[in-house]
Amino acid sequence: TTQVFTPKQDVLTTIAEAKALGAVTIVPHPFHRWRHGVGLRCKEALLAADAVEALNSRYIIGTANQKAAKMAKKYGRPVTAGSDAHNCTFVGFGVTEIEAEERSVAAILDAIRAGCVSCTCKKTPLRLLGALLMKGAFRDLKKALDPEVCGGAPLLGVPGAVIIGHGSSSHKAIFNAVKAGVAAATNDVSGMIAKSIAEHAEDAK
């Protein structure tokens, strides 16, 4: 289905609407505290859904997965595995093999509902997971150091505001260099540096 569900509505309502359309509903990483674990807020969702993801490869010590498996057993729900691959590197870390009677969408969905699945999962290496988590920070750092965004660097040791840019600066870089110069002049960066040097020189006597 291509049905668009109402954002931020109650999870039980979403599950009911999806099931009414013939979809299989699986609760992902229900007890992962830092990843919007539904089971931490609404355990009834595990009972309402068709299956529970009890093997998620993005874990550190595995207690959340163990709790998900325990609750799935308690509620009589099939379990599934997932790589949770936000990057192609992690595809295949969590695998759910479905034993369907035939290769059709209906048969596959029925097999999941009936628990005709077998799952395997291996832990995502922390070094790879750490690199993925730092990706956004590195992207922000790259943007902050981009000469097109910075415009240029201040020339220190001279009175007034002087910004040095690249000889091949684009119109965008020149525009941002002018903004940097205005900010330096408005905040009297040169005067602040001179005052600080004088104060340190006085303290050193």
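1. A quick term first: a residue is buried under 20% relative accessible area, exposed over 50%, and partly exposed in between (1.4 Å probe, protein chains only). Leu145 is exposed, because its relative accessible area is 61%. You will find Leu145 in helix α6 (residues 126-145); helices here are DSSP runs of H or I with at least four residues, strands are E runs of at least two, and both are numbered from the N terminus.

2. Before going on, please keep in mind that this is a predicted model, in which local features need pLDDT of at least 70, side-chain atom pairs count only at pLDDT 80 or more, and totals for chains, interfaces and linings use all residues. Residues are numbered from 1 along each chain as its sequence is written, and side-chain values use heavy atoms, leaving out hydrogens and water.

3. Now look at the sheet: it is open, with 3 strands in the order β1-β2-β3 and parallel pairing. Strands β1 (26-27) and β3 (79-82) are at the edges with a single partner strand each, so one side of each has no neighbour in the sheet. Two strands pair if DSSP finds at least two bridges between them; β2 (residues 51-56) and β3 are joined by 4. Asn56, for instance, has Gly82 in β3 as its bridge partner.

4. Most residues other than glycine have a negative phi. His29, in the loop between β1 and α2 (38-41), has a positive phi near 25 degrees, and His29 counts as buried at 14% relative accessibility. Asp84, in the loop between β3 and β4 (94-98), also has a positive phi, of about 50 degrees.
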